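Hi,

Here is the model I promised to pass on to you. Have a look at it first, and then read on for my notes on helix packing and charged pairs.

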Amino acid sequence: MPDRGCGPLRRRDGEPIFAEPWHAQIMAIADLLIGSGPIPQSQWTQTLGKELRLARLADSADDTSTYYTAVLSALERILDAGGNVSCVELARRREEWRQAYLHTHHGQPVELESRFAKTSD
């Protein structure tokens, strides 16, 4: 019998099934930062737990979208608290991506202009 996991986080071949590519990406980033040491496991579990409690208090649905949004919020909160990247910088970058997406023709890759790009003199 296949391992179905519990709730919306079902498994296929022992691996989680992600509803959206960003779900897998945010988990990979969190796993890398926890596994390599910049984020202590205890800080991660406390912060993620807090984000999940806040989602429950806000009557958010108990589904994968809520879970991965909490994962993203927890990671952002930890990075901001550690001085790695501020919430203001994250919001600015999110808006840059949104604008780039809105101004990209269908079928073309979304690209951001690098603010560090060299300009020719």
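For what follows, a residue counts as buried under 20% relative accessible area, as exposed over 50%, and as partly exposed in between. Please keep in mind that this is a predicted model.

Arg98 has a relative accessible area of 43%, so Arg98 is partly exposed. Its salt-bridge partner is Glu95, with an N to O distance of 2.9 Å. Glu95 is partly exposed too, at 32%.

How many salt bridges does the structure hold? There are six. One of them links Arg77 and Glu51, at 2.6 Å from N to O. Arg77 belongs to helix α3 and Glu51 to helix α2 (residues 41-57), so this pair ties together parts 26 residues apart in sequence. Are the two partners buried or exposed? Glu51 is buried, with a relative accessible area of 8%, while Arg77 is partly exposed at 40%.

Now to the helix packing. The axes of α1 (residues 21-35) and α3 (residues 64-81) come within 10 Å and cross at roughly 40°. That angle makes α1 oblique to α3, and the crossing is left-handed. On the α1 side the contact involves Trp22, His23, Ile26, Met27, Ile29, Ala30 and Leu33, which meet Thr64, Tyr67, Tyr68, Thr69, Val71, Leu72, Leu75 and Leu79 of α3. By type, the residues of this contact divide into twelve nonpolar, three polar and no charged.

With a relative accessible area of 3%, His23 is buried. Leaving out residues up to four places away in sequence, His23 touches Phe18, Thr64 and Tyr68.

Methods: Residues are numbered from 1 along each chain as its sequence is written. This is a predicted model: local features need pLDDT of at least 70, side-chain atom pairs count only at pLDDT 80 or more; totals for chains, interfaces and linings use all residues. Side-chain values use heavy atoms; hydrogens and water are left out. Axes are lines fitted to C-alpha atoms, for helices over the stretch in contact, and angles run from 0 to 180 degrees between N-to-C directions. Helices (H or I, at least four residues) and strands (E, at least two) are DSSP runs, numbered from the N terminus. Angles under 35 degrees count as roughly parallel, over 145 as roughly antiparallel, 65 to 115 as roughly perpendicular and the rest as oblique. A crossing is left-handed if the near helix is turned anticlockwise from the far one by less than a right angle, and right-handed if clockwise. Contact means heavy atoms within 4.5 Å. Ala, Val, Leu, Ile, Met, Phe, Trp, Tyr, Cys and Pro count as nonpolar, Asp, Glu, Lys and Arg as charged, and the others, Gly among them, as polar. Buried means under 20% relative accessible area, exposed over 50%, partly exposed in between (1.4 Å probe, protein chains only). A salt bridge is a side-chain nitrogen of Lys or Arg within 4 Å of a carboxyl oxygen of Asp or Glu.
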